Amino acid sequence: MSAPAVEMVDVRKRYPSGADALAGVSLSVDEGRVLVLLGTSGSGKTTALKTVNRLVDPDAGRVTVLGRDVRDWDVIALRRGIGYVIQEAGLLPHMTVAQNVALVPRLLGWPEDRQRARVHELLTLLGLEPDRVASLPPAQLSGGQRQRVGLARALAADPPVLLMDEPFGALDPLTRRRVQDEFRDLQGRLRKSVVLVTHDVPEALRLADEVAVMDRGRVVQRGTPREIREAPQAGFVRDFVAAALP
Amino acid sequence: MNLLRFFAERRGEILALTGQHVVLVLVSTGIAAALGLPLGIAMARRPRLARPLLGVAGLLQTIPSLALFGFLIPLPFVGGIGARTAIVALVLYALLPVLRNTYTGILQVDRAVLEAATGMGMTPSERLRLVELPLALPVILAGLRIAAVVSVGTATIAAAVGAGGLGTYVFRGIATLDTRLILAGAIPAALLALLTDGLLGAVEKSRRPARAAALLAAGAALVAALAFAATGPTRQKAVVVGSKNFTEQVVLGEILAAHLEDRGFRVDRRLNLGGTNVCHEAVTTGQLDVYVEYTGTALTDILKRPVNSDPAVVLREVQAAYGPLGLRVGAPLGFNNTFALVMRRPEAARRGIARISDLAPYAAQLRVGLFGEFLERKDGMPGLLQTYGFRLGVRPREMDMGLIYPALAAGQVDLVVGSATDGLIAALDLVVLEDDRHYFPPYDAVPVMNEAGLARHPGLLAALDSLAGRIDEASMRRLNYAVDGEHRSPSDVAREFLAGLRTSARQ
């Protein structure tokens, strides 16, 4: 058994205000698995996610990616080796769809024809017609299309690890459902190691291999989707899950 | 139409001045961009820098242009007479919009977009180049557009330091009361401003502003290079002749210049410079080889010495004091341009005013118009009032030298302070009051020369000396009227005068 793709050990982070953002979080994601961090806003789930690509540096504890402490990585190389998807896709508004998708390959200095081929391949993979959308600015796409482009961009350099922060949060329920299904299909083929943050209980249960429920900077329960649904811990987790599921 | 014919006749000169104007605007806006962009970026990186830098740039904008020139002219490297000083001043004015818009443009980039860029592994410089600058570009371009359009307007002041441009016509037009000249400067400047605004506006609205901006910058550089080449190589060993910014000075400058050209010198004319101090600084620092000064002005205004009414004593004192400054005072040209208190003839006759002392009973209601310098000078207003023992009831109105007589003729003021050789005195049927207590010191016109310039141009001293005593008050008033009253060009008037001198010499 190889080392987990991403691991956090007793990670702590305090806001300048003095409040605890992370009060000792330990987590791990095995290779090819999807870990969902589920919690309300302010639970610390996004902060935890950002310690992985060092957008946030913890005050204490250890974060490793592919078996290596993130502080020992060159921070730029670390980030280029991790796909990053955020809410509203975080597409650069002044670049075309193709330029957005090719961004990390371009930063890595790929030759242009290889970049072009990769863009074509990924847009096709995500069910977008490359000839129609490649040269459009993101503003001319629908929300669902933008989210697919965001995912394509994260996958462009074929990173082993994906970080996804509320990736489907801005979509209407129908589109969200469809994009979630597409993601699950894709993950079945690509087998990335994924950390996904959401406040949406059904989404967590549908996409996760493992769920970590967070509250006030702590992981309060870890388990498979089934365990979370059928045996939620008394207190916060039970209330949270019960409120979201009929 | 009269104006159109005037434009057509002068189209060569108008084009040349427009070319100079364009070069001034392009070079100064270019430098302002080259300084303002990196500084604006630095400010966005270190907000602590922002407040002091924006403060300084804002402060610079509030300094009146002539005052700024006053600071700049004595400075080494950036100062002096000519395009360099003008460009430094224009850059200082253009800096604020570039700086402010670069700074705010970068700061207004969505933080979420920036975090996405960082999270994808962009280095800070990649983030700047690929995300921040492209997204800030519309705001930055708007700043450049403001800077360029404002520069087109402010570049008219470049004429005050002899840098040329369309302001040359505006200043000359104001000095000679020639509306056509003012329009010949103002209309092309306005068109230039509209063109600049339109072009940069089109860049802002274009689908690919970065590419359009680069294209425009390349085009602008080409135009600047062409216009620069068209304005000709800077003549190296030319004698530089200067003058202050009123008709008589311009005519005297043209007379000196044409006279020297007749004697085989090459001459660089830097006429219509800002004022006494600008000319004095320029000739002291060697930016000018010669200009015409008045002995009384030199004594009281430049040397800050007490007033004296003996012409020979004043000349000797000025000559002695100028030596250590590296300046040579030539022989007087022949006329005394003393100050004159001037009134409308019918009103003076009705009130029985012929001498300055006759003003005393009317001093309380008298509305006086004068140029600002006169309030400050040792031989100016305070001493005049003291000598004649009266007080003004109404605060004197300061106005440009060229506007004094029109204001008097129009009845907006009752009395103006002018000079004895003003051509409009005769043309507008005005009357000069007698200085019955001999307050005003002598203002004999003398060429002031830079010693180093004399050494560089053998024969220059002799050439200028040959004009000694050749221009009397009547001639000077006539020459001034030919320009102010008949709207003839100072250079034609000067050439004609010199031709007349030669004919009378032969007879």
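In the predicted model, A:Leu37 stands opposite A:Val197 of strand S8 in chain A. The strands concerned are S3 (residues 34-39) and S8 (residues 193-198) of chain A, which pair in the parallel sense over five bridges. Both belong to an open sheet of six strands in chain A, arranged in the order S6-S7-S8-S3-S9-S10 with mixed pairing. The edges of this sheet are formed by S6 and by strand S10 (218-223) of chain A, each of which pairs on one side only. On average, and with direction ignored, neighbouring strands of the sheet are turned by 15° against each other.

Helix H7 (residues 143-155) of chain A lies across S6 and strand S7 (161-165) of chain A. Relative to S6(A), helix H7 of chain A runs at about 165°.

Chain A as a whole contains eleven helices and ten strands. Of its 246 residues, 47% count as buried. When contacts in chain A between residues at least 6 apart in sequence are considered, 67% join residues at least 24 apart.

The two chains, A and B, meet through 13 residues of chain A, which are in contact with 14 residues of chain B. On the side of chain A that touches chain B, helix H2 (75-80), strand S6 (82-86) and helix H4 (103-107) of chain A each supply at least two residues. By class, the side of chain A that touches chain B comprises eight nonpolar, three polar and two charged residues.

Within chain B, a helix pair was examined. Helix H2 (residues 11-45) and helix H9 (residues 179-205) of chain B pack with their axes 11 Å apart, at an angle of about 45°. This angle makes H2(B) oblique to H9(B), and the crossing of the two helices is right-handed. From H2(B), the residues B:Ile14, B:Thr18, B:His21 and B:Val22 meet B:Ala184, B:Pro188, B:Ala189 and B:Leu192 of H9(B). The residues of this contact between H2(B) and H9(B) divide into six nonpolar and two polar, with no charged residue.

Methods. Residues are numbered from 1 along each chain as its sequence is written. Chains are lettered from A and ligands numbered from 1 in the order in which they are written. This is a predicted model: local features need pLDDT of at least 70, side-chain atom pairs count only at pLDDT 80 or more; totals for chains, interfaces and linings use all residues. Two residues are in contact if their C-beta atoms, placed from the backbone, lie within 7 Å. Helices (H or I, at least four residues) and strands (E, at least two) are DSSP runs, numbered from the N terminus. Ala, Val, Leu, Ile, Met, Phe, Trp, Tyr, Cys and Pro count as nonpolar, Asp, Glu, Lys and Arg as charged, and the others, Gly among them, as polar. A residue is buried if 20 or more other C-beta atoms lie within 10 Å of its own, exposed if 12 or fewer, and partly exposed in between; C-beta atoms are placed from the backbone. Axes are lines fitted to C-alpha atoms, for helices over the stretch in contact, and angles run from 0 to 180 degrees between N-to-C directions. Angles under 35 degrees count as roughly parallel, over 145 as roughly antiparallel, 65 to 115 as roughly perpendicular and the rest as oblique. A crossing is left-handed if the near helix is turned anticlockwise from the far one by less than a right angle, and right-handed if clockwise. Two strands pair if DSSP finds at least two bridges between them.
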